[in-house]
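The stops below are given in the order in which to select them.

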Amino acid sequence: MRRDPVELEVFKNLFHSIAEEMGAALRRTAFSPNIKERRDYSCAVFDGKGQVIAMGDHMPVHLGSMPMSVQAAIAAQAMAPGDVVMLNDPFHGGTHLPDITLVAPVFVQSPRPRKAASRPDFYAASRAHHADVGGAYAGSMGLCREIYQEGIRFPPVRIMRAGVMDRDVLALLLNNVRTPAEREGDLGAQIAACHTGSSRLTEVCTRYGLDRTKRAAQELLAYSEELMRAFLLQVPPGAYRAEDFLDNDGVSDQPVKIAVTVNMWGQVSGPAAGRRPVPTKPVVSVDFTGSDPQVEGSVNAVEAITYSACFYVFRCLLADDVPATAGLMRPIEVTAPEATIVNARPPAAVAGGNVETSQRIVDVLLRALAQAIPQRIPAAASGTMNNLTIGGIDPRDGEPFAYYETIAGGMGARPTQPGISGVHTHMTNSLNTPAEALEYAYPLRVRRYSLRPGSGGAGKYRGGDGIIRVIEVLTDCEVTLLSDRRTHGPWGLAGGKAGSPGKASIIRDEGLVEEMPGKFSTRLRKGERIRIETPGGGGWGESINE
């Protein structure tokens, strides 16, 4: 049957609008500034097999990895109407423990009789970064050496059964976190997002018919695959290799290597001429063999993170209007050897793999692809999310608090224009917490928030500048920073210079300034400050002034 392009476009936008509305519902009803203000959440819609058919314009590190969470939920639980499955286990489809994923089945009423044990027609899923899920460090993003220290860990479990909250599961979670009221509120917001997705999918099926809607979802998957194949076949065949490094793992000072070989295989055989080609073999392999073994610190990435980074990079190479579905990855084969930094096994600590190693995987992939399509690839961006967590007892109400945010940096310069300054790049699509919201919610005061002039790398097009953020604590606190690109700045391309590395320091009450590494945890007394200077992006092209 010939594909109807108008109908395909209509359903593409319908599914995408559902994922976007889910995100809006989550944001509006969340309790924590991390979700309300920073928008550290993501929502997506899946078909009955757990294949993603639409994503909101949310966080790439969440979206590319969420399909593994949905598949894990489907494999673990036979879901009935009104059920919601919760998980955060990085070794069963999750990313790191603060990212809690909820998966809800969508059963659409059909005029035809259905079996009682029939599979859901669709799934709606929401993921949000919770500012604390227990563990040894406030904010659950510390320098741990095994996952048991990082917080409470849930395999896929039902948090709702037939529309009723499972109070035992909820109590187990809330009794193991520092901020139970905030966690319960954020979970409620995620449930509301899933209900929104379920309601909108049902409305679409009621309007257009269940069979037509399902058929459109499958056409979107095939359409995405064809567009990705068409692009990849334009890339010169060959093997493109690159490597890049994390500064260290936070335990030792040894750099951690991530290596990749991208094999572009070129044209593959398809059906006879005159018919639409639908080859089934991958045309690209992404092989991370040669990357370092998993490490003692918390920068290990699980397989879902590596897959997510690959999804993001190749998605960026396509036009904006290409549907972001599971079909995009069908032509791409990803190999991530087990027990390495890009596919860690238990009991590895993984909190930083989601936020730091994911950025470096993107960097190394872009560096390899720059050899094949140099006019499409930017220089390295800041390459770190600069994860800052502060926790203690709020003197205003005597209750524990846990503050978490990522701090933006410089974007790498592009082949035709400079990088943007003070922006979240690549695997994070979040915002900084506004000073007003931060000071209202926590016993903290923002003393400085500005760009970091001159930190972008020089070149024909200059890299974007990083940020300077100084925060004073108004009570005794535990402060943790998990960041990278402190040893070497983000690299430039085509003769462009590297951006400036990041810096961190503690300003003690007596005025003494302590220079700090990129990964540390320390105690601050009331009135002391932390100062963070984030990296600038790399430059692109040789400077005309040289």
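Helices (H or I, at least four residues) and strands (E, at least two) are DSSP runs, numbered from the N terminus. This is a predicted model, in which local features need pLDDT of at least 70 and side-chain atom pairs count only at pLDDT 80 or more, while totals for chains, interfaces and linings use all residues. Residues are numbered from 1 along each chain as its sequence is written, and side-chain values use heavy atoms, with hydrogens and water left out.

**Stop 1: R183 and helix 6**

Select R183, which lies in helix 6. R183 counts as buried because its relative accessibility is 1% (buried is under 20% relative accessible area, exposed over 50%, partly exposed in between, with a 1.4 Å probe and protein chains only). Beyond its neighbours within four places in sequence, R183 is in contact with S32, H130, A131, D132, L174 and V177; contact means heavy atoms within 4.5 Å.

Now select the whole of helix 6, residues 180–208. Helix 6 has 29 residues and spans 42 Å from first C-alpha to last, close to the 42 Å expected at 1.5 Å a residue; the expected span is 1.5 Å times one less than the number of residues. After helix 6 comes G209, with a positive phi near 95°.

**Stop 2: helix 5 against helix 6**

Axes are lines fitted to C-alpha atoms, for helices over the stretch in contact, and angles run from 0 to 180 degrees between N-to-C directions. Helix 5 and helix 6 are therefore oblique to each other (under 35 degrees is roughly parallel, over 145 roughly antiparallel, 65 to 115 roughly perpendicular, the rest oblique). Show the side chains of R167, L170, L173 and L174 in helix 5, which meet P180, R183, E184 and L187 in helix 6. By class, this contact of helix 5 with helix 6 has five nonpolar, no polar and three charged residues. Ala, Val, Leu, Ile, Met, Phe, Trp, Tyr, Cys and Pro count as nonpolar, Asp, Glu, Lys and Arg as charged, and the others, Gly among them, as polar.

**Stop 3: A216**

Move to A216 in helix 7, residues 210–232. A216 is buried, with a relative accessible area of 5%. Not counting residues up to four places away in sequence, A216 touches L8 and F11. Draw a C-alpha to C-alpha distance from A216 to R3: the two are 213 residues apart in sequence and 9.4 Å apart in space.

**Stop 4: helix 8 and helix 9**

Select helix 8 (residues 303–316) and helix 9 (residues 351–369), whose axes come within 9 Å and cross at roughly 45°. Helix 8 is thus oblique to helix 9. The contact includes I305, A309 and V313 of helix 8, and I361, L365 and L369 of helix 9. Its residues divide into 10 nonpolar, four polar and no charged. How many residues of helix 8 are buried? Of its 14 residues, 11 are buried, including A304, F311 and R315.

**Stop 5: backbone exceptions**

Three loop positions remain.

- P346 and P347 are joined by a cis peptide bond, omega about 5°; P347 lies in the loop between strand 11 (332–335) and helix 9.
- A339, in the loop between strand 11 and helix 9, has a positive phi of about 65° although it is not a glycine. A339 is partly exposed, at 34% relative accessible area.
- A162 has phi near 55°, a positive value in a residue other than glycine, and counts as exposed at 59% relative accessibility.
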